[in-house]
Each structure stands twice: as structure tokens, then as C-alpha cells.
Amino acid sequence: MPVRTWELPLLLLLGLGLGSQEALPPPCESQIYCHGELLHQVQMAKLYPDDKQFVDMSLSAAPDEVLQSFSALTTAHNHSIPRQQLQEFIQRYFQPVGQELLSWTPEDWKDRPQFLQKISDAKLRAWAEQLHQIWKKLGRKMKPEVLSHPERFSLIYSEHPFIVPGGRFVEFYYCYGHIPNGGRVYYLQRSHPPLLTLMMDRYITHTDNISFLRENIETLALELDFWTVNRTVSVNLGGESYILNRYYVPFGGPRPESYSKDEELANNLQEGDPEALWAELKAGAESGWDFSSRWLVGSPHPDLLSSIQTSRQVPVDLNAFLCQAEELMSSFYSRLGDDAQAAKYKGLRVQRMAAMQAVLWDEQKGAWFDYDLENGKKNLEFYPSNLTPLWAGCFSDPAAVDKALKYLEDSQILTYQYGIPTSLRNTGQQWDFPNGWAPLQDLVIRGLAKSSSPRTQGVAFQLAQNWIRTNFDVYSQKSAMYEKYDISNGQPGSGGEYEVQEGFGWTNGVALMLLDHYGDQLTSGTRLALLVPHCLVAACLFHLLPSFLS
């Protein structure tokens, strides 16, 4: 059984508020990768354009030797080491990023998978072949020294090879009592949106390997326990109490991978506790939406990142993911013959769906919305995550899908021809307008596709067509796939804490999935200028008519 690194001090579990002046524990014990003077001096010197570069380097010597040498250096320079001497110190005791990894090609990788033959458009088919080749470029396995000398690496050892997202993200996502924010020691105290159970479902559906499920079902249960123990919140509404979940990371200090930015943000804080700010930033990173107006709305200064209040929001997507996981766990245990556990998770799902309906659903708007615990009201801003329950299958009203279509029309979302925006607020944060992200396109497209209405299914197709054409057009220009795109002009995205990254795991995956699902209908040709939802629907239905009649 994995080590339960996520079990928090009792005081924190009893509800120590993030606004407290009490010092919170660091994200890990390493005085090189997680806290301490060495980390502070290197990151504040800004030796690298991206703070993540330093904390992803491995050591050339034992940590104690490195720390002793650094202590002597700081003493010699009265704790203010000149930039050149600091650079020389790094060159002596640290290795470049990625030295601990080797390239790897998945054993089951096939040169021409069958789904390519389903793509009718010759240009899209050729593009899909090139995307498929990228998996080989993103494959990695660890060198043996990561196992024999783990103290010299921020990377957490895995005996199994893996796929990295690309760009600055050269780690894996792995179960460690929960799925950490990334496979590095400084990420251990924050998680990620809980999708491990869904990964198991996809694997079992493909392989029917029930023995693997039986061997690992407790690992899945352990991850859901993490969310129950550490991220549960009670919402009192209309005389009833509802149990839901939130993102919440009560650990202190700046994020090691964005150390200088967090330190500077705290230095400019007009009021409040830096420790509380840093904890909220970590919670935002845990959500995957780092960062967004979604975590700023309702705060005193909603345009300032220093006003971030992630932990006071009850997110739609997080609770939909957990609802889906509870349904899958019930199904898994039924297949394994454990009726008691199957009934337990079925009951948890029923409770969560009732809570989501009472707290998050808005009948007038036709969508779900994050709930602000402090203000006691929903955040009615548009985010694609508002429709996650459709994607996750966590809704009971069959009409909910078509209500969601009206919500998209009313919000003018269908007028964007390059993709679905992440929000309608332009804050300069990367999870806001004008950026569009592949996973969020997937949430909406597959959510709408669940409808029995040809009209709604037609919109789902056209949204897929829009996104595929944006990806294809940019790839045609730049021979690269990107983590995000600017849906105002159909170019690579921007904003946030770092430059837009190439690669890119989830963008490639969503593109290939859409090509697999709609390959006989998608085209690489001229983009239609769709200005109003009714035109969009008409175009969709005209395009899909042959498939409906066949």
C-alpha cells in the first residue's frame, strides 16, 4: 500500500483557517527543492527564465554536501552571494534538467493504428499520422540512479515508463496515496483533478483485465479517501447540510517551481497573510486552473492574483469528477463481487448528485455553477467547467443537455469560431479569455453529444470541427501542437506565468480522439464564419444529414 504522505497534522484537519498567522508546514522536507535559504537565493536571483528549471535539476553530490558547501558560500558573502558565484555553485553541484530520463517508445505503439482509416479528409489523415508519431517523442523512462539515490532528485522514482506532456513539463502523474500535482517531491502535498478511477475504467474497457482491477482497486479507494479526508466541506442551504469537495492545500511557503513570482506577490500584499496567499496559490495549482478569474471572483480585488481565494469555492468540475468516480467504483466492486462496497459507493454518488442539484445547479440558467462558501451564492460567470456534469454523466434530468445548449447560446459561446473560451474575462491569466484548452473543449463536446437531439449533437460536431481546424491550421503553419490556443485569432495561446508550451499531451490526445470519433465527417477545408447560433445549428445539421439518413 502506498505511503499516506497526504495525512495532515491533526490541527489542520480540525480546520485551521488559511487566514491564520500560524506557519504552515513546507511542501516537503527537502531544504534544496522545497524550502530553505538555498532555494530562496537561487530563485530570487532569477538565474533562469522559468523558476521550474532549477527545482527540476538533479544533484551531482549528496544533499548534505551541497548544503554544507552552500552554507560556507553564504557565510563568505554575508548571505548575499554575487550572481556569478551563485551560477558557478549551480554548475558544480547540479545537472541540467532531464539528465535522469531516457527516451522510450511504448511497446504497444503501432505505426498505423486502425482509427486512421476512419478519417475521410486526406489532409487530416496525414496530420493525424504526424500527431501519432509525437507519442514516441514524449515517451520517457527513468535511469536506475533515481531509485538508488532518490535524495539527489526532485523527480519521484517510477519503475514504469511514462508519457510526459512536453515543454517544461518533464515529469509523470502517478499514484502516491493520491495523484500529486506532478511527479516531483515539491508537488506531493497538492493533488490534481481526481481522474485515476476513470483511467482504470478506460483501461479495463480496452483490455477486460479484471485481475489488474482486483489487484489495484484499493489504490483507487485510497485516492478517493484522500479527497474525503482532506478536501471535504459542508454547505448549509435551506435548512439542509450538503457534503461536497473543494481544492485546499494548507501548506506554506512559495511554490518552489514559481518561487520568485510567489515571493514577489507576497511582498506586494497590501493586507493579509503571505502564508494564506501561498496556500491559495497551491490550491489553484491543484485545480489545474492556475490561474483564473474563477478563483478571484467575489474577492475584494477580482483583477489581482494576490486576491486569490480558491479554497472558498466549491467547484463544479471537481465534484462531477468525484461523482463519476463513485459511480465507477460501485460498478468495479460489483464486477468483483463485493456488494457491500458497491452499495457504499452507489450511496455516495446518490448523496453527491443531490448535493450538486441543490447547491450547484441553476434551473433558470440551465447549468451548474461554482458555489462561493464565503458569500453564500453561486458564481454565475461562464466557464466550460460549468457543464462538466454532462461529460461525467452526473445528471438525472435527460433535458439537462438541451438546457445546456441554450445556456451556451445565451452566453454567446457558439459565436467563437476557433474554439470555446475558458472564460469571458480577460485578466492576463492563462485560464481566462482568450485562451481555449483542449480538455475543456472535450468537456463540452462530449457532454452535448450525450443528447438524443440531432440539433444538440450537431452543435457538438461543429464545436469539434472548429477545434480540429484550429489545431490543424496552427500545425500547418508551425509544425507544432500547443498546450493552449487563442480562440480570438486561432493562434497559440499566451498569458500566465510562462511561455506557451509545445508538445503537447492533452492537445494531441483530444485531437486524436475527435478525429477517431468524427473522422468520417471532419474536414480541413475553409472555415465557416458562424456568427449566430442558428447558423451554427443549420450548418451542423446540413453536414450531418447523410449520417442521420444512413
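1. F461 is buried: its relative accessible area is 1%, which falls under the 20% cut-off. Please keep in mind that this is a predicted model. Y518 is buried as well, with a relative accessible area of 8%.

2. The structure holds 28 aromatic pairs. In one of them, the ring centres of F461 and Y518 lie 5.5 Å apart with the planes at 70°, and because angles over 60 degrees count that way, the pair is edge-to-face. This pair joins distant parts of the chain, with F461 in helix α17 (residues 454–478) and Y518 in helix α18 (residues 505–518), 57 residues apart.

3. For another charge over a ring, have a look at R246, whose charged end sits over the ring of Y248, 4.2 Å from its centre.

4. How do the axes of helix α8 and helix α9 cross? Helix α8 (residues 196–207) and helix α9 (residues 210–230) have axes that come within 10 Å and cross at roughly 170°, so α8 is roughly antiparallel to α9. On the α8 side the contact is made by L196, T197, M200, Y203 and I204; α9 brings I210, F212, L213, N216, L220, E223 and L224. By class, the contact has nine nonpolar, two polar and one charged residues.

Notes:
Residues are numbered from 1 along each chain as its sequence is written. This is a predicted model: local features need pLDDT of at least 70, side-chain atom pairs count only at pLDDT 80 or more; totals for chains, interfaces and linings use all residues. Side-chain values use heavy atoms; hydrogens and water are left out. Axes are lines fitted to C-alpha atoms, for helices over the stretch in contact, and angles run from 0 to 180 degrees between N-to-C directions. Helices (H or I, at least four residues) and strands (E, at least two) are DSSP runs, numbered from the N terminus. Angles under 35 degrees count as roughly parallel, over 145 as roughly antiparallel, 65 to 115 as roughly perpendicular and the rest as oblique. Contact means heavy atoms within 4.5 Å. Ala, Val, Leu, Ile, Met, Phe, Trp, Tyr, Cys and Pro count as nonpolar, Asp, Glu, Lys and Arg as charged, and the others, Gly among them, as polar. Rings of Phe, Tyr and Trp (its six-membered ring) pair if their centres lie within 6.5 Å; planes under 30 degrees apart count as stacked, over 60 as edge-to-face and the rest as tilted. Buried means under 20% relative accessible area, exposed over 50%, partly exposed in between (1.4 Å probe, protein chains only). A charge sits over a ring if NZ of Lys or CZ of Arg is within 6 Å of the ring centre and within 35 degrees of the ring normal.
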